[in-house]
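Trainee: Please take me through this model by question and answer. I would like each answer to end on the name or value I ask for.

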Amino acid sequence: MSTNHNSELVRKIFEAYLENKSLRKTPERFAILEEIYSRDDHFDVETLYIHMKNQKYRVSRATVYNTLELLVSCDLVTKHQFGKNMAQFEKSYGYHQHDHVICIDCGKVVEFCDPRIHQIQSMVGELLKFDIKHHSLNLYGSCFDCAAKASIKQKEDIKHAS
């Protein structure tokens, strides 16, 4: 599906959602939606807000926050809590189910997809008689860069201690 076609569909879904909830269809809300769907990463409210201000959009933090909540409510954006008490978001319409590996040191998030996880989900649903709609799998550890830095620091600490 082309990005342009996807953007039009996402905009129509959001328009219908706002109409259904009797909410205003403001240019700021659609600018935020467009900005999110132009990204390919996970982001937090502050990162999105600063990026939009740098792009000369006239939006407040409150507008960004409230619009994100609306987009989560209509399933166009997914909200994640990867630790450190900061929510991160990613676009969700038209994107395949995937899981995450999160670095506990620097917060780096890497997506991965393994068909065996879907097979396990199907098997567990069948065994336990659940119609499983989706799942969330987050693995936490230290990324290669952080592990390398920790190793260097540990060697330096040992050298200074002797």
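**Domains, cysteines and salt bridges**

Mentor: In this predicted model, the centres of domain 1 and domain 2, taken over C-alpha atoms, are separated by 25 Å.

Trainee: Where is the chain divided into domain 1 and domain 2?

Mentor: The chain has two assigned parts, domain 1 and domain 2. Domain 2 covers 96-161, and domain 1 covers 1-95.

Trainee: How many residues does the contact take from domain 1 and from domain 2?

Mentor: Contact here means heavy atoms within 4.5 Å. By that criterion the contact takes 13 residues from domain 2, and from domain 1 it takes ten residues.

Trainee: What area is buried between domain 1 and domain 2?

Mentor: The size of an interface is often given as the accessible area lost when the parts come together. Carbon and sulfur atoms give 50% of the area buried here, and the total is about 720 Å².

Trainee: Which three residues supply more than any other three of the area that domain 1 buries against domain 2?

Mentor: The leading three supply 61% of the area that domain 1 buries against domain 2. They are F82, K84 and Y95.

Trainee: How many salt bridges are counted between domain 1 and domain 2?

Mentor: A search of the whole structure finds nine salt bridges. Between domain 1 and domain 2, however, the count is zero.

Trainee: Which residues does the UniProt annotation "binding site" cover?

Mentor: The annotation comes from an unreviewed UniProt entry. Its residues are spread over 44 residues of sequence but cluster in space, with a largest C-alpha distance of 8.2 Å. The lining of the second largest pocket takes in C103 and C106 from this set. The annotation covers C103, C106, C143 and C146.

Trainee: Which residues is C143 in contact with, leaving aside its neighbours within four places in sequence?

Mentor: C143 lies in the loop between strand 5 (138-141) and helix 6 (144-161). Its relative accessible area is 15%, so C143 is buried. Beyond its sequence neighbours, it is in contact with C103, C106 and K108.

Trainee: How many residues apart in sequence are the parts that R61 and E46 tie together?

Mentor: The side chains of R61 and E46 meet in a salt bridge at 2.8 Å, N to O. R61 lies in helix 4 (residues 61-73) and E46 in helix 3 (residues 45-54), so the pair ties together parts that are 15 residues apart in sequence.

Trainee: Which elements hold K79 and E69?

Mentor: The side chains of K79 and E69 meet in a salt bridge at 3.5 Å, N to O. K79 is partly exposed at 37%, and E69 is partly exposed at 25%. The pair ties together parts ten residues apart in sequence, because E69 lies in helix 4 and K79 in strand 1 (residues 77-81).

Trainee: Is R116 buried or exposed?

Mentor: R116 forms a salt bridge with D114, the closest N and O atoms being 2.4 Å apart. The cut-off for exposed is over 50%. Because R116 has 56% relative accessibility, it counts as exposed.

Key:
Residues are numbered from 1 along each chain as its sequence is written. This is a predicted model: local features need pLDDT of at least 70, side-chain atom pairs count only at pLDDT 80 or more; totals for chains, interfaces and linings use all residues. Side-chain values use heavy atoms; hydrogens and water are left out. UniProt positions are given in the numbering used here, feature names are shortened, and annotations may be inferred rather than shown by experiment. On a 1 Å grid over the protein atoms alone, a cavity is a set of points where a 1.4 Å probe fits but cannot get out, and a pocket is an open set with protein on both sides within 12 Å along at least five of seven lines; lining residues have an atom within 4 Å of a point. Helices (H or I, at least four residues) and strands (E, at least two) are DSSP runs, numbered from the N terminus. Buried means under 20% relative accessible area, exposed over 50%, partly exposed in between (1.4 Å probe, protein chains only). Domain bounds come from an automatic or database domain assignment. Buried area is the accessible area (1.4 Å probe) that two parts lose on being put together, summed over both. A salt bridge is a side-chain nitrogen of Lys or Arg within 4 Å of a carboxyl oxygen of Asp or Glu.
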